[in-house]
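Biologist: I would like to learn how to read side-chain features in a model. Please take me through some cases.

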Amino acid sequence: MFKILIVEDEELIRKGLVYLPPWGQLDCSVAGEASDGAEGLALIDTLHPDIVICDIRMPVMDGLQMLELSAGKYNFNTILLSGYSDFEYAKKAIHLGVNDYLLKPVDFEELSASIRKLTSIRRENEQQALRLKQAQALLKKESLMPPASTASFSDPYSGRLLQIIAERFDQRITLSEIGHELGISPSYLNGKFKTATGCTFNTYLNRYRIAKAIEFLSIHQLRVRDAAEKAGFYDYKYFVKVFKKYVGCTPSQFVEEMDHSDL
């Protein structure tokens, strides 16, 4: 569930926000409440809420000051409440990255709609972060794998095959061609390679190419089709299929997630 922090100096309004909205149906729970910005700031530090609902005008410290002091420290969304329809407040709220601005008295249907929108955004961002983490883990695993020498394995053919993949991944290569080049049957070579690496030649080659495609997309920022070809995939539909298999999303989705990974 998403954690909600309510910061409101008027007790009647604050208690209404705590108890009246259907928090369970919204997949949320109220983690804490505060009567001024200073208390709210302390609770932000300790509770790390997902969504903060706060009034603008409060004693001790107002809502905007609280947000200014917590800006950049924690990744939470904000809904501002105010009884003042003042454009200057709205402008400053937008500058502080406030997600919504609601006028008092609070319309609970409007508040619920805002909460649904924010929780949807947070769920999507969490999925994006997970996919990005998985993709980066794959990139790290494959791209940091040093080119193998014949001394890397007791079987020299497997070491040579890894070298060939690292050197020619961007070319059209087949196990039959490599077997002919090495003077060994493709099936025997594939068996030795699987014993040494834990996967078949084609599986390893695809994973290596996808890792390179991720590198070209994320580090070199190539277009998807260009990254696919540079990584050795000349059939775009096949590239998309393999990419989705190992990364969990399409290349275009991956690029979009990279572009929004700071959300």
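Biologist: Is phenylalanine 233 buried or exposed?

Modeller: First, the ground rules. This is a predicted model: local features need pLDDT of at least 70, side-chain atom pairs count only at pLDDT 80 or more, and totals for chains, interfaces and linings use all residues. Residues are numbered from 1 along each chain as its sequence is written, and side-chain values use heavy atoms, with hydrogens and water left out. Buried means under 20% relative accessible area, exposed over 50%, and partly exposed in between (1.4 Å probe, protein chains only). Phenylalanine 233 has a relative accessible area of 4%, so it is buried.

Biologist: How many aromatic pairs does the structure hold?

Modeller: Rings of Phe, Tyr and Trp (its six-membered ring) pair if their centres lie within 6.5 Å; planes under 30 degrees apart are stacked, over 60 edge-to-face, the rest tilted. The structure holds eight such pairs. In one, phenylalanine 233 and tyrosine 238 have ring centres 6.2 Å apart and planes at 50°, so the pair is tilted. Tyrosine 238 is partly exposed, at 37%.

Biologist: What kind of pair do phenylalanine 243 and phenylalanine 254 form?

Modeller: Their centres are 5.8 Å apart and their planes at 65°, so this pair is edge-to-face. Both phenylalanine 243 and phenylalanine 254 are buried.

Biologist: Which residues do ring pairs link into a cluster?

Modeller: Phe233, Tyr236, Tyr238, Phe239, Phe243 and Phe254.

Biologist: Which residue lies over the face of tyrosine 236?

Modeller: A charge sits over a ring if NZ of Lys or CZ of Arg is within 6 Å of the ring centre and within 35 degrees of the ring normal. Over tyrosine 236 lies arginine 225, at 3.9 Å from the ring centre.
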